[in-house]
Structures are given as structure tokens and as C-alpha cells.
Amino acid sequence: WASNSVYYLLSLWSRLVTSVPYLKGDTPSLLDETVPKITEGFITSRINSVQASFADNSPDPDNPLENAESLQDQLESLPYLCRFKYESCSLFIINIMEPLLQAYTARSRLPASGDAAELSVIEGQIAWMVHIIAAILKIRQTVGCSQDSQELFDAELAARVLQLINITDTGVHAQRYQEISKQRLDRAILIFVQNFRRSYVGDQAMHASKLYARLSELLGLTDHLVLLNVIVGKIATNLKCYAECEDVIDHTLSLFQELASGYMTGKLLLKLESTKFIIANHSRENFPFLEEYRCVRSRTNFYYILGCLVFMEDGPVKFRSFMEPLLQVAVNLEASADAAFRTDVVKYAFTGLMRDLRGIAMATNSRRTYGLLFDWLYPSRMPLLLRAISLLTDEPEV
């Protein structure tokens, strides 16, 4: 399973597969029996590779699960092969996924002192399967398979990952946010959600009745609004629990931003309880990454997204209540003595507040929304800015 050659092998086979509709004559192409073997060989080798080399649960730059570019290369051609004989391929994937999910669920009920290496291997294997399913769902093509049956198989595969979201954040697994293997798994889930959403949530959901009918039978997810609630719930959990893993925070915020910036999905987000919770409780107590200095750039992005959502709805009252936690920080800073301004605590609090406000400023896209922020800042907050500039002239960060 030398990863450097996999890309060339898979792209060769995928080109053979995509040329099938153009074949003339009745001569059998032998692809029907060969391609499933190729696909199964690739998937099996990825699963075995985890056992062989990644059980130590330490960061490894050669591990494709750590390297987004190499992973992208490996999985780029795979969907064409999988969808060529989609029924047998999806069945093969489900037969691998089911025992892994059962083992993972069983582990979530055990005390945390179990075998961590074994758990890391299970997480690595599931992460590979989630990446593979995410790659398949990214591309919808209909060679050799009707649109309806394709949607049903998509639903079967997606259901396994959506079920996994529930398992990752309960029991023993909820205490593993510092573990490398758990971070790899959550990154894989975020990529799946991104690809699945682009294909089936929002405007595309209108044309996916078969998929939602099947998801409803399997998981009780009746439509794209219920599904969106699950996705935003996962976003909120990641932002709460990953205080120190900048990479997962950035992946999570990029998914959140994609949802918030779509006109249709943005409006849908505002109806969800999970979104309302984030907008009403955006404090450090609920989202500890806001206090982590290494995630300081993520704060601007977080507040840009929240600003976009808040400004979608008219209303100075809503804006003022949203700004309440930031007002509290500003008031505390204003009450600090001049000597305290030289301390790291106050410097971090001030630069953090400026980054948050900068995110909200980036979200103002009309005279009305800009006016709301300007009136909040001027004149009452201006003395704080002047004071910080005059007391901390030698601090480039400030």
C-alpha cells in the first residue's frame, strides 16, 4: 500500500471505467468483474494499513490521515470505481463499517481505562471508511445505475456516518478530544458533512426524495432541516470540546461558514435550536477555544459567521442582546487600572475583543448593519481604544 503509486493506479482504472459508455460493439470488457476487486483491494489495504503502522497514536506526517493533500490524491478517482458497481460496492463498505461501529459503540459504554491503542486503531479504521464514503458522496454520476437507486445507496452509506456522529460525542469517546486518532476521525466526519451537504442539503434537497425517505426509515431523519440540526449540533460540540486543536477548530468553522453564507441554508440555520444556542451563548465558558491564544485567529472567523447570521434578521434589539458578552468584556477593561493594562491578561483580553469586533465588522454588508455596529462603538467605546493605544504603544499585537 505504498501511497505514492496508489494515485496513478486508481486514476488509470477510473479512466477505463468512465470510458465504458463510449465502447462500441458487444465484446465484454472484463471491467465488470475486475473493478469491484480493485475497489475492494484498495479499501481492505487502507484498513490493514492502520493496524500495521498507526497504532502508536502519535502525529505522523507520512500518514495520509494526517496529510490532506495526499489523502485527496488517493481518493480523487475512487468514486468512479465505487459507483461503477455501486450496489455490490456499497454492500462491501457497509459490511466493513457495521462491525467497526458496533465495536466503537461497545467501547463508549466501557470505563475510560480500556486499551487506548486498540481504540486508536478502531478510530483510524473508521476514519478511513468515513473519508471513502465522503469521497463517494462528493461525486454524483449515473453510469450503470439509475438516479433513484443511486440515492438509496447514498442514503445507506450516509446513514452509517450520521449514526457515528452520535457515538463519537458520548461515553468514553467524549473524553478523547486530546487524542490524535479522535481528531483524525472528527476531521474525516467534517469532510463527509461538507461533501454530503453540497450534494443533498439546501437547494439540492428538493430533488432527493428517495434519499430522505430512506434516511427517515434508518435514522428518523425526515428532511434536510432535521439533518441540518444534527450537523450544527456537531459543529457546536467541536467548538465546545476542541479548545486546543486549531486544525479541527478551523475545519469546523469553515463548514459553519459555508452553511451560514448560503442564502437558503443561512435562513434555515436561523430556525434551528442548535444555532440559536450558539448565538445566545458565545462566551468563553461555552466555547473555551476563544480563550486559547493559539486559536486567536479563529475568533475573527467565528464572530464573522455569527455576525452574518445575526444580520440576516432585522433588529437592533437582537443585535444588542448578541453584543452583551462583548460589552461585558469592554466594561471590565474600562474598569482596569492603567498599571493592569501592561499585564498579559489585559493585553490578551483587549486584542481578543478587537479580533471579535473585527469579525463582526467584516459581516456588516449594508448601511443598516454597519450603523448598528458603529452606534455600539461610538462614542461610548472609543475612550477604551484610545487608552489602549496610548498605554501600549510598544505592543505591535495590540
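Residues are numbered from 1 along each chain as its sequence is written, and side-chain values rest on heavy atoms, with hydrogens and water left out. Because the model is predicted, local features need pLDDT of at least 70 and side-chain atom pairs count only at pLDDT 80 or more, while totals for chains, interfaces and linings use all residues.

The structure holds 2 cavities of 30 Å³ or more, a cavity being a set of points on a 1 Å grid over the protein atoms alone where a 1.4 Å probe fits but cannot get out, with lining residues having an atom within 4 Å of a point. The largest cavity has about 50 Å³ of space, and its lining includes His282, Arg299, Leu326 and Asp356. Helix α16 gives the most to this lining, with 3 residues, and the lining as a whole divides into 5 nonpolar, 2 polar and 3 charged residues.

The second largest cavity, with about 30 Å³ of space, is lined by residues including Val35, Thr39, Leu81 and Lys85. Here α2 (31-53), α4 (78-84) and α5 (86-108) each supply at least two lining residues, and α2 gives the most, with 3 residues.

Turning to individual residues, Leu9 is found in helix α1 (residues 3-18), and Leu9 counts as partly exposed at 49% relative accessibility, where partly exposed lies between buried (under 20% relative accessible area) and exposed (over 50%), with a 1.4 Å probe and protein chains only. Phe374, in helix α18 (residues 367-377), is also partly exposed, with a relative accessible area of 37%.

Terms used. Helix = DSSP H or I, 4+ residues; strand = E, 2+ residues; numbered from the N terminus. 1 Å grid on protein atoms, 1.4 Å probe; cavity = no way out; pocket = protein on both sides within 12 Å on 5 of 7 lines; lining within 4 Å. Points joined across faces, edges and corners; volume = space filled by probe spheres on them. Nonpolar A, V, L, I, M, F, W, Y, C, P; charged D, E, K, R; others polar.
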